[in-house]
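This report looks at charged side chains that pair up. Have the sequence and the 3D view at hand while reading.

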Amino acid sequence: METIIKLENLKKIYGKDDDNILVLNDVTYNFSKGKFYCINGKSGSGKSTLIQILGLLISPTEGKIYIDDKEIKKITEDEKADIRSKKIGFIFQSYYLNPLMTSYENVMLPMYLNNNMSKEQKRKKAYELLKKMDLESRETHFPKELSGGEQQRVAIARALVNDPDIILADEPTGSLDSENEENILQILKKLSKQGKCIIVVSHSKEVKKYADIILTIKNKSLYEESYEK
Amino acid sequence: MKNSVYLSLGYLLRNKKMFVCFIIMGLIMSIIIIFSSFNSSAQNNIKEAAFENPLFNRLIAVPNVNPTNENEIKEMKESIEKLDNVKSAFRNYEYYNYLNISSFKTKDLEGGISLYVANNKTLPEIVSGHNFPDENGNYLICPQNFYPTNVDFRRKEINSSMKIDLENKLGKTFEYKYKSIKNNKEYKLNFELVGLYKNSKYSIDEDVCYTTEKVMNDLYFNTNDNIEKIDLSFDEYKSFYVYVDKYENVERVTENLKKMNFTVSSAAHIDTDFFKEIITNTTLFVVLIYIVTIIFLIVILIYQFNYDEKYYRLLFYLGYRKKQLYIMYFLNTIFKILISFISVFIFSIIMKFSLLHYLKIKPFIFYKWKVIINYTPLVLLFFIIVLISVLSTIICIKEIDKMEGDIL
């Protein structure tokens, strides 16, 4: 499998001088395309920090990250934003749809940055994704008019609209009932089979069932559960 | 940029809470306009009614010692006119007359004018035609807005269609016939209308015309030709109407006249302290509204920042560059200011025109109070809002700059 994210001896320390907290230490791991990863760990173990580092939202204190063999330390803030826009899709526990926009407009939101597509192509892409998510009849609805499952499907469509290779999801099923959880996980699984790298932070047993690789953060480092065993 | 404008404007216009803010902002601004305009109008009208209206710049001076002959009176008059700030002095009997001129009569107006004595020093500013060409001639100067009737008693019956247009009557002569009391002898007086003045500027009634001393003397003595011998102890003969140049000099002239052994009283009195109190109170109210507005704005911007921060953070996650976020926040603030101001501007224009329209309706045509829409506080408010908005943008930009990966 082709490696998409490479982490080398990552260390993350919050705070300065004496008043600092070591959150991650010596994290080395390769994430591949076409795999569904589930990261778990105790509360405060550093799961969220790791996903923020993977999403280029914060920088590690030490160590290197490569995305598509490009070393992130050497790139500017604007280039990081471009990578977030083109290569990474985010899914959040509370969906974070813009309440003032319709489903269609929420899906369109990341595409305003894409200058390689015509307006018509963008529109077509947004409609296609909404259809794939079984939301074709809900495109003009605002988030408050949608169920939790529908809102999360809109969020997934938004995460996929720029066709990223990596999907980072932080407890994506945490606010859903079991039926919707199943539904969302099936979608994510399908996406991994289509060649995307799906990284989900979750405590859910259901997510573990769908994951190809289960990772645990323990003692500030990242381990594959099978490896740990 | 196009997308930033679209996203900012769309975000703003769909935000119902922002509309509530626009309405509150609009109301606050409107209150400021209304009270500032009231304040300006009151100040202007006090100026016109009290300080510009010659009625309030006039004194009646009665000598404490009775003159013994006309020469003595003439000397008194001359000595009064030599006083600082005195424009002129007129004998009491020549001061005022009420005439019914048939040429001014219409089916609605009886043609009555209140005729006052004047010379070129005491005339109000002429807006059409000219002053008296000769102070011994039979000339007449009337208001532009001319209604020859007792307007005070007939305000409710009179409308603007009854107005007599004197513009095209300038230079024409009008005849006035009157009789003596003693033998019914008929006299004719021919006036030439030489000029028009703007009565509303001085808060003077619409039937007030001015003529020369010579005309007033003729009218008085021809009518009262039964007078065998003038009794100089009568106030009518021995007292004077003294015209002071400015309202603020009235007191000084009064003191000087008293020193010259005259008993002095005002021809009319206006309580300016009452108006000044109104102006002070409205000014305080406007200042209070300013403070409320500033507090409201700060609260709104703090609320808006907390509300918007999530949105900008989401855009940051979706790959928007920080520069794009600054532009969007800045545009958002600019649009907010613009929408508030455009709405208030439209409202104030509507308000101004409706007020002006209303004031044209009877009986307001005779109320000389002008409506002055005062935009100065609005301009001041605009700068306050811009300042607060710019500050909030700077704070927000700093927050966006610090934006990192806190999970939403």
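Is R91(B) buried or exposed? R91(B) is buried, with a relative accessible area of 8%; buried means under 20%, exposed over 50%, and partly exposed in between, with a 1.4 Å probe and protein chains only.

The model is predicted, so local features need pLDDT of at least 70 and side-chain atom pairs count only at pLDDT 80 or more, while totals for chains, interfaces and linings use all residues. Residues are numbered from 1 along each chain as its sequence is written, chains are lettered from A and ligands numbered from 1 in the order in which they are written, and side-chain values use heavy atoms, with hydrogens and water left out.

A salt bridge is a side-chain nitrogen of Lys or Arg within 4 Å of a carboxyl oxygen of Asp or Glu. Over all chains, 22 salt bridges are counted. Three of them are listed here.

| Pair | N to O distance |
|---|---|
| K87(A) and D68(A) | 2.8 Å |
| D212(A) and K189(A) | 2.7 Å |
| E70(B) and R91(B) | 3.0 Å |

Helices (H or I, at least four residues) and strands (E, at least two) are DSSP runs, numbered from the N terminus. E70(B) is in helix α3 and R91(B) in strand β2 of chain B, 21 residues apart. E70(B) is partly exposed at 38%.

D212(A) lies in the loop between α7 and β9, and K189(A) in helix α6, so their pair ties together parts 23 residues apart in sequence. K189(A) is buried at 17%, whereas D212(A) is partly exposed at 37%.
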